[in-house]
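Open the structure in your viewer and keep the selection tool at hand. The tour goes from one selection to the next.

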Amino acid sequence: QVITRRFRRLLDEQARESDGPLLIDPDTGRPRKFAYAPGLVVVDGGAPQVAAAQRALDQLGIDDIPVCGLAKRLEEVWVPDQPDPLILARSSEGLYLLQRIRDEAHRFAITHHRARRSKTMVESMLDDVPGLGEVRRKTLVKHFGSLKKLRGATVAEISMVPGIGERTATAIKQAVDARTRTGAAIAVNTATGEIKET
């Protein structure tokens with residue numbers, strides 16, 4: 001699904017621009033995401049994952065972007081349509097580069113997942129605060145960014161958020177403190193990024 005979405009966006013960008021994709025957004029001046037074709041697709045996994053990625057590219061008619069996979073167990077490099085993996089020396093610069101790419105992708109995904117879970121937990125914790133609707137909940141989440149920061153904020157700091165008065169800020173602080181006192185602390189599984197209530 002990820003490969004299909006990513007490369008469908010690439011094809012859409014290419015179809016939109018007759019002279020090739022614009023790498024810079026003319027309105028904002030910022031680099032456009034997914035406006036370029038990568039030189040290599042690295043998949044986290046072995047032969048089945050590489051085959052699935054190659055199938056997704058084939059279904060989109062993309063045949064000029066190579067695919068490989070890095071299997072964690074023995075750090076084997078898999079390429080499509082090959083029965084056996086490539087075994088690179090442990091001291092290989094190429095293997096080291098592939099490992100760094102994979103590790104960075106893991107770090108990015110875990111950080112993103114934690115941030116999304118934290119925002120969801122803050123919003124659900126604030127569901128029962130009187131006078132606090134969806135728009136102001138989202139404003140709070142955006143302002144503080146995490147449950148930990150909201151917990152550490154004072155009533156005065158909370159009331160500085162646009163649309164939050166002192167009375168509402170006091171109710172928010174009481175809701176957060178009550179949740180903490182009842183033992184509903186947050187635990188994070190550092191391997192998966194999963195956030196749990198304990």
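Leaving aside neighbours within four places in sequence, which residues is Ile-158 in contact with? Select Ile-158 and look for Leu-140, Phe-144, Leu-150, Ala-153, Ile-164, Ala-169, Ile-172 and Lys-173; contact means heavy atoms within 4.5 Å.

Before the next stop, a note on what is on screen. This is a predicted model, in which local features need pLDDT of at least 70 and side-chain atom pairs count only at pLDDT 80 or more, while totals for chains, interfaces and linings use all residues. Residues are numbered from 1 along each chain as its sequence is written, and side-chain values use heavy atoms, with hydrogens and water left out.

**The whole chain**

Colour the protein chain by secondary structure to find seven helices and five strands. Helices (H or I, at least four residues) and strands (E, at least two) are DSSP runs, numbered from the N terminus. Along the sequence the pattern reads α-β-α-β-β-α-α-α-α-α-β-β. Of the 198 residues, 30% count as buried, meaning under 20% relative accessible area with a 1.4 Å probe, protein chains only. Among contacts with a separation of 6 or more, 50% are between residues 24 or more positions apart.

**The largest core**

Now select Leu-140, Leu-150, Ile-158, Ile-164 and Ile-172, the residues with the most contacts inside the largest nonpolar core, which has 16 residues. A nonpolar core is a set of buried Ala, Val, Leu, Ile, Met, Phe, Trp, Tyr and Cys residues joined through side-chain atoms within 4.5 Å. Show α4 (134-144), α5 (147-152) and α7 (166-181) as well: each supplies at least two residues of this core. The largest share, four residues, comes from α7.

**The second core**

Next, select Ile-3, Val-43, Ala-56 and Ile-65. They are included in a second, separate core of 15 residues.

**The sheet**

Turn to the open sheet of three strands, in the order β1-β2-β3 with mixed pairing; two strands pair if DSSP finds at least two bridges between them. At the edges are β1 (41-44) and β3 (76-78), each pairing on one side only. Select β2 (residues 67-71): three bridges join this strand to β3, and the two run antiparallel.

Definitions and conventions
Buried means under 20% relative accessible area, exposed over 50%, partly exposed in between (1.4 Å probe, protein chains only).
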